[in-house]
Amino acid sequence: MHVSVLRSTGLIEAPVATVGAALRHTRTAEVGLAGIGVRGRAATRPAALLVPGDELVFHTRIARLPLDLTTRIVRADADALSSVLVSGPLPELRHESVLAAAGPRTLLTDSLHWTTPFGPLGRLADVAIGRRFVLNALAARIDAVRELAESWASRSIVVGAAIVHKGRLLAQQRSYPAPDAGRWELPGGRVEPGEDEPTAVVRECWEELAVEVRPTGRVGTDVPLNNGMLLRIHAAELADPAAIPKAVEHNEVRWVTADELTDLDWLDADQVLVHSLRQLLTNT
């Protein structure tokens with residue numbers, strides 16, 4: 001068997017958090033390779049961000065022969081996405097995407113590692129056909145991520161606060177509007193003109209919880225919202241560890257552990273963050 005590795009890079013005019021969202025978005029998997037004849041399908045709900053365990057199914061033809069592959073996401077971090085082969089004609093295939101900040105832009109490095117069967121004959125087919133197809137696929141995928149991320153980069157920002165205290169995360173239950181009443185979300189709201197994001201986090205938490213918080217860093221990728229904005233989560237801690245958050249605008253506030261995150265009926269925008277929130281609690 002012959003092991004091959006190919007890489008492609010692209011510079012994208014958007015921050016890492018926004019590019020990370022485009023990288024994980026099901027739209028990238030489903031239509032990103034359509035231009036080179038690859039049909040993709042994400043085995044998860046549409047317009048979602050991929051998380052570990054999600055599977056992607058691809059169908060194409062190479063040299064007129066049908067090729068069907070199923071891959072599974074094994075890593076989905078703010079700056080990286082990885083998948084491995086679950087089923088298909090190759091003994092092994094691994095796809096890795098890594099993001100790095102380049103000033104206000106992001107450098108995306110996409111790499112594919114695969115093993116070709118059938119000895120010398122398989123290696124010949126790999127050199128003659130496979131490598132060209134892979135390079136075209138990597139370039140097409142970077143273009144798809146670039147188009148999506150750059151279309152989101154100018155959106156207004158909604159901040160969310162992932163407040164952690166003694167290994168637990170604060171969640172609050174909506175009281176309105178009617179379709180969302182009873183569901184759970186993180187504190188937060190729109191960044192007002194003249195505010196930076198940490199200032200907006202502090203203000204929103206004071207308005208919604210009557211406590212002062214101290215932002216400590218970013219969590220996960222951006223989340224595109226149906227209202228045309230981007231949700232961006234900041235980790236935070238209580239400025240006064242003895243302070244008790246109050247449900248000023250909500251039905252209830254609750255501290256939850258990593259194991260309890262999936263017990264709550266989160267709003268859709270927050271649901272896609274559960275993977276990142278669990279990582280935050282595990283690493284705190």
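Colleague: What distance separates the centres of domain 1 and domain 2, taken over C-alpha atoms?

Modeller: This is a predicted model, in which local features need pLDDT of at least 70, side-chain atom pairs count only at pLDDT 80 or more, and totals for chains, interfaces and linings use all residues. Residues are numbered from 1 along each chain as its sequence is written, and side-chain values use heavy atoms, with hydrogens and water left out. The assignment gives domain 1 as 2-153 and domain 2 as 157-283; such bounds come from an automatic or database domain assignment. Over C-alpha atoms, the separation of the two domain centres is 32 Å.

Colleague: How many residues of domain 2 are in contact with domain 1?

Modeller: Contact means heavy atoms within 4.5 Å. On the domain 1 side, 15 residues take part. Their partners in domain 2 number 14.

Colleague: Which annotation covers residues 154-281?

Modeller: Over this stretch the chain is 20% helix and 36% strand, where helices (H or I, at least four residues) and strands (E, at least two) are DSSP runs numbered from the N terminus. The end C-alpha atoms of the stretch are 30 Å apart. The label comes from an unreviewed UniProt entry; positions are given in the numbering used here, feature names are shortened, and annotations may be inferred rather than shown by experiment. The entry reads "domain: Nudix hydrolase".

Colleague: How many residues of helix H1 are buried?

Modeller: Buried means under 20% relative accessible area, exposed over 50%, and partly exposed in between (1.4 Å probe, protein chains only). H1 spans residues 16-24 and is mostly covered. Its buried residues include Val19, Leu23 and Arg24. Of the 9 residues in H1, the buried ones number 8.

Colleague: Is Arg27 buried, partly exposed or exposed?

Modeller: Arg27 is found in helix H2, residues 26-31. Its relative accessible area is 43%, which lies between the limits of 20% and 50%, so Arg27 is partly exposed.

Colleague: Which residues is Arg27 in contact with, leaving aside its neighbours within four places in sequence?

Modeller: Ala144 is 117 residues from Arg27 along the chain, and their C-alpha atoms are separated by 8.9 Å. With the sequence neighbours within four places set aside, the contacts of Arg27 are Gly32 and Leu148.

Colleague: What percentage of the residues of the protein chain count as buried?

Modeller: The protein chain has 6 helices and 14 strands, and its C-alpha atoms fill a box of roughly 70 × 35 × 35 Å along the principal axes. Of its 284 residues, the buried share is 47%.
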